[in-house]
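I opened the model to look up its packing and overall dimensions. My notes follow in the order I took them.

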Amino acid sequence: IENPIRTIVINLSRGRRDDMVKILQEFLIAQEKGSSAQALVRVGATGYFGSITQKALAEFQASVGIKPALGYFGPITRAYLSAQY
């Protein structure tokens, strides 16, 4: 079965609110990387891309060598996730 994170084929950034953001949040929660991911665990996968999601994504990006690690979900992050997950 395909990893849900691989189903995101669009760019995601702050202010967005939908199921794609929720999939991203669930992925970041499962990775358990960094203090912002732990903050995301506490609030849960809300489907809203706010500052906590951005920081958690930036922590994940930095932890796997994605540069720049700005917490923007775009082509570089999608390519990494397609290759690794």
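Which residues does Phe 73 touch, not counting those up to four places away in sequence? I looked this up in what is a predicted model. I found Ile 5, Ile 8, Ile 10, Asn 11, Leu 12, Leu 24, Leu 57, Arg 78 and Leu 81.

Next I looked at Arg 78, which sits in helix H4, residues 75-84. Leaving aside neighbours within four places in sequence, I listed its contacts as Ile 8, Val 9, Ile 10, Asn 11 and Phe 73. The side chains of Arg 78 and Asn 11 are joined by a polar contact of 2.7 Å.

I then turned to the nonpolar core. The largest one has 15 residues. Phe 73 is among those with the most contacts inside this core, along with Ile 5, Ile 8, Leu 12, Leu 24 and Leu 28. Helix H1 (19-31) and helix H3 (51-64) are the elements that give two or more residues to the core. H1 gives the most, with five residues. I noted as background that nonpolar side chains tend to be buried together in soluble globular proteins.

Last, I checked the whole chain. I counted four helices and zero strands, in the order α-α-α-α from the N terminus. The radius of gyration is 11 Å, close to the 12 Å that the globule rule gives for 85 residues, so the chain is as compact as a globular protein of that length. Its C-alpha atoms fill a box of roughly 30 × 25 × 25 Å along the principal axes. Buried residues make up 35% of the 85. The accessible surface is about 4,800 Å², and 52% of it belongs to carbon and sulfur atoms.

Key:
Residues numbered from 1 in each chain as written. Predicted model: local features only at pLDDT ≥ 70, side-chain atom pairs only at ≥ 80, totals over all residues. Heavy atoms only, no water. Core = buried A, V, L, I, M, F, W, Y, C linked by side-chain atoms within 4.5 Å. Buried < 20%, exposed > 50% of the residue type's maximum accessible area, 1.4 Å probe, protein only. Contact = heavy atoms within 4.5 Å. Polar contact = N/O pair within 3.5 Å; in protein donor to acceptor, adjacent residues only side chain to side chain. Rg over C-alpha atoms; globule rule 2.2 N^0.38 Å. Areas by Shrake-Rupley, 256 points an atom, 1.4 Å probe, with all protein chains shown as cover.
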